[in-house]
Amino acid sequence: MERVVVLGAHCDDIEIAAGATLLSLASPSLRVHYVVCAGAPARQAEAVTAAHAFLPGAQLSFALHDLPDGRLPGHWSEVKQIIQDAASTLDADLVLSPWRGDFHQDHRLLGELAPTAFRNALHLQYEIPKWDGDLGRPSFYIPVSRELAERKVELLNKCFPSQHSRDWWTDETFLSLMKLRGIECRSPYAEAFHVNKAVVSI
């Protein structure tokens, strides 16, 4: 993979869901367009810090927006344009977005709209643990070593201090989901994704 577009509704979604995958992909030849729809300036600053930490050496571009958290469906046209702009910015061979079956309305909207703009890329839809209990049955796994899983958690804590007070924000939360997905693919840990359409050039 040389050109990646990552889409997040909120400023920590991408790293929570796919931080180990980003760490695995990072290289000087990798171009990444990093898109977030909702977030105040302080949260956007955290997102920029995180992108550089999880993608060391990669060539990064950003599209950070300040739509209201929890209200993205009410801004359907703006979100649609954000995704179309991202597709125009980088001809991606890999797209990471939230899962269209996610119960959170902001996540779900991105998962529904992303396939309409990215038609010729491998599109992986990530999962995010939350109160809604909406984890599904993903079909695509990226194995993760113990070292990489622990590095992901270390960087999450370092890059997103504003989230430390949330009761679900614990090392155990992040490690346990990666451990479960690792069991499912016979790896120490893993990150898992839903795939609606896969386009791979060989």
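This is a predicted model: local features need pLDDT of at least 70, side-chain atom pairs count only at pLDDT 80 or more; totals for chains, interfaces and linings use all residues.
Reader: How many salt bridges does the structure hold?

Author: A salt bridge here pairs a side-chain nitrogen of Lys or Arg with a carboxyl oxygen of Asp or Glu within 4 Å. On that criterion, the structure holds 10 salt bridges.

Reader: Are arginine 181 and glutamate 127 buried or exposed?

Author: Buried means under 20% relative accessible area; arginine 181, at 4%, therefore counts as buried, and glutamate 127, at 6%, is buried as well.

Reader: What is the accessibility of each partner in the salt bridge between lysine 130 and aspartate 134?

Author: In this salt bridge, with 3.0 Å from N to O, lysine 130 is partly exposed at 22% relative accessible area, whereas aspartate 134 is buried at 7%.

Reader: Where do glutamate 150 and arginine 146 lie?

Author: Both lie in helix α5 (residues 146-159), four residues apart, which is about one turn of the helix, and their side chains form a salt bridge of 3.9 Å, N to O. Glutamate 150 is partly exposed, with a relative accessible area of 41%, and arginine 146 is partly exposed, with 47%.

Reader: Which residues are linked in a network of salt bridges?

Author: Asp12, Arg43 and Glu46 are linked in such a network.

Technical notes:
Residues are numbered from 1 along each chain as its sequence is written. Side-chain values use heavy atoms; hydrogens and water are left out. Buried means under 20% relative accessible area, exposed over 50%, partly exposed in between (1.4 Å probe, protein chains only). Helices (H or I, at least four residues) and strands (E, at least two) are DSSP runs, numbered from the N terminus.
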